[in-house]
Amino acid sequence: MKSILLLSLPLALADGSQKPIGDAAWALPRGLNPALSDKYRPDASQTFSCLTNPQISFPISLLNDDFCDCPDGTDEPGTSACSHLKASVNPLPGFYCQNKGHVPAYIPFGRVNDGVCDYDTCCDGSDEWMGVGGVKCPDRCDEIGKEARKAAAEKRKLFESGIRSYNKLVAKAVLVKKEVEDKIVSLTGEIKRYEGLVEEKKAGLKKAEEEEKLKLARSGAKGEEGKSTHQKLLDYSKEKVQDYQQKLLKLVDEAQRLREELEKTEKILKTFKEEYNPNFNDEGVKRAVNGWEDYLASKSQEENILSGDYLSEVTDLAYGHHNWEDYEPEEDLAQDMYAIEAFLPPFLRTIVHEQLSSLRQSLVEYGLLAPRKQKPSAKSDTLSPHIQKLTDDLTATESSLASKKTELANLQTDLTKDYGPESVFRALKDVCTEATSGEYTYSFCHLGRATQKNRDGGSTHLGDWTGFDRRLDDEIEQEVTVIKFEKGLRCWNGPERSAYVYLRCSAEEKILSVAETEKCVYKYVATSPAVCGEIAAEGQEGITMGGATRQVN
Ligand code: MAN
């Protein structure tokens with residue numbers, strides 16, 4: 001709000017050596033604010049000095065004579081005679097309407113005696129004292145004052161409820177901020193603990209890797225890849241013989257069963273042939289007996305799978321035991337030598353490894369040692385399940401630590417961000433408001449995003465919250481807090497969209513209007529209790545000046 005420092009005008013305007021005459025003989029000049037009476041009270045010489053040009057003085061009869069005598073216009077506080085002067089020249093803000101029963105106000109000099117009742121400013125009609133063109137402006141201050149007081153009380157009530165909401169928001173914002181601070185403390189502790197855990201797990205993994213290496217070295221590196229051809233052949237033979245013996249056993253069982261069934265059948269037919277009565281001339285029985293005799297005659301006497309000796313021989317084979325130990329290869333000396341490496345200090349390990357490799361190479365060349373098969377590279381990187389588990393565990397702990405550190409950094413940045421006076425906007429995080437304007441529905445979320453939706457439900461990103469600004473709300477002629485939403489969807493052939501929300505104080509979160517002030521730049525006017533605190537701090541009372549509010553100090 002603008003302030004006009006009326007009372008700080010230079011005091012050394014009147015000649016202090018002359019005594020002012022008594023109050024009874026003097027009336028306050030028309031259109032003058034009584035607060036300035038001392039500057040107009042005539043002295044014994046009955047002269048008046050222009051306020052900012054005290055060297056120029058006139059008889060007091062020339063005050064308000066409807067002729068502009070002073071270069072600063074101060075001799076005409078009650079007429080429009082000096083209205084042609086710039087406002088910056090005249091220290092008087094205008095014609096002062098006392099408006100008894102309402103609020104005093106200044107009306108611009110140009111509107112004095114212009115034949116129009118300016119009740120919006122001068123409810124007492126004192127500005128039209130000449131009755132130009134027969135105009136009569138009776139005093140309406142009682143009625144206008146009453147209405148204004150009612151409206152002011154209403155406004156006051158709204159404002160007070162806005163202040164109450166503001167105070168609640170501030171209390172909530174304190175809690176939200178406290179939560180952030182508490183989280184920072186707990187995260188800091190957790191990060192310390194996780195750092196310890198990572199160190200522990202790293203050490204555990206290192207130890208396990210060393211133990212595994214040692215075990216591998218002790219076992220002479222006898223993994224599948226380290227086996228000699230002889231050993232592999234032996235293992236293969238063992239496996240195959242066991243497999244064949246299993247299958248043979250099954251065959252022996254089956255043969256045994258078939259042999260028993262055949263014996264039973266032959267016994268039946270044998271009895272049948274011995275016991276049938278050839279005197280019964282039964283053709284079917286005769287054919288069966290003949291068939292049996294043919295079968296006996298053609299039955300091979302040679303040994304077959306079902307004959308006793310053969311079956312018992314095969315059974316022995318199936319149960320046979322083999323002394324595989326007799327075929328185990330000698331220890332791979334070269335392999336053992338490699339195993340020694342693990343016990344050597346690192347600098348010696350390389351030297352010894354190179355020496356051993358060239359010795360092995362020579363042995364292979366002379367046919368004394370089988371060449372080592374190339375390990376498939378993927379397999380060489382394969383970790384043992386135990387090491388794999390420890391590695392995975394370490395990786396998971398490290399990634400938890402990293403995300404905790406990121407979270408902490410974000411929270412620390414959050415504490416440095418501007419969330420408005422008393423961090424009040426923290427309490428409104430993600431509170432959204434929307435309103436329809438023309439063909440679009442506009443919305444914005446505090447500390448979030450502004451959006452424009454069309455009737456088909458399509459949504460356009462107008463910008464994300466980037467902070468606050470102070471701008472003039474020209475409708476109410478006051479500088480207000482503006483929330484900025486920027487870096488929205490780029491406009492075709494234009495800038496990235498942005499939205500600016502001009503806030504006015506009210507208990508309610510509400511969008512009052514939205515306008516696209518220039519292509520892809522949107523101006524919202526909205527109410528929020530979040531700005532009631534600053535309105536209270538700026539003060540509400542003032543003297544109305546031509547529709548705007550001015551404050552007198
Ligand atoms: C859409 C809307 C309008 C904008 C044009 C620009 O129609 O976002 O507000 O003016 O795009 O092309």
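A residue is taken to be near a molecule if one of its heavy atoms lies within 4 Å of it. In this predicted model, the residues around the ligand are, under that criterion, Y440, Q452, C491, R497, E516, C520 and Y522. This shell divides into 4 nonpolar, 1 polar and 2 charged residues. On its own the ligand has 310 Å² of accessible area, of which the protein covers 68%.

Two residues of the ligand shell, Y440 and Y522, also belong to an aromatic cluster that is formed by Y440, Y442, F444, F485, Y522 and Y524. A pair of aromatic rings is described by the distance of the centres and the angle of the planes. The count of aromatic pairs comes to 11. For Y440 and Y442, the ring centres are 6.0 Å apart and the planes stand at 70°, so this pair is edge-to-face. Y440 is partly exposed, with a relative accessible area of 25%, whereas Y442 is buried, with a relative accessible area of 5%. F444 and Y524 likewise form an edge-to-face pair, with 5.8 Å from centre to centre and 85° between the planes. Because F444 lies in strand β7 (residues 440-445) and Y524 in strand β13 (residues 521-528), this pair ties together parts that are 80 residues apart in sequence. Both F444 and Y524 are buried.

Positive phi angles were examined at two residues other than glycine. N113 has a phi of about 55° and is placed in the loop between β5 (105-107) and α2 (141-218), while K487 has a phi of about 60° and is placed in strand β10, which comprises residues 478-487. With a relative accessible area of 12%, N113 falls under the 20% limit and is therefore buried; K487, with a relative accessible area of 61%, lies over the 50% limit and is therefore exposed.

The unreviewed UniProt entry carries the annotation "coiled-coil region" for residues 177-211 and 241-275. In the model, residues 177-211 are 100% helix and 0% strand, and the end C-alpha atoms of this span lie 50 Å apart. Residues 241-275 are also 100% helix and 0% strand, with a distance of 50 Å between the end C-alpha atoms.

Definitions and conventions
Residues are numbered from 1 along each chain as its sequence is written. This is a predicted model: local features need pLDDT of at least 70, side-chain atom pairs count only at pLDDT 80 or more; totals for chains, interfaces and linings use all residues. Side-chain values use heavy atoms; hydrogens and water are left out. UniProt positions are given in the numbering used here, feature names are shortened, and annotations may be inferred rather than shown by experiment. Helices (H or I, at least four residues) and strands (E, at least two) are DSSP runs, numbered from the N terminus. Buried means under 20% relative accessible area, exposed over 50%, partly exposed in between (1.4 Å probe, protein chains only). Accessible areas come from the Shrake-Rupley method with a 1.4 Å probe; for residues, only the protein chains shown count as cover. Ala, Val, Leu, Ile, Met, Phe, Trp, Tyr, Cys and Pro count as nonpolar, Asp, Glu, Lys and Arg as charged, and the others, Gly among them, as polar. Rings of Phe, Tyr and Trp (its six-membered ring) pair if their centres lie within 6.5 Å; planes under 30 degrees apart count as stacked, over 60 as edge-to-face and the rest as tilted.
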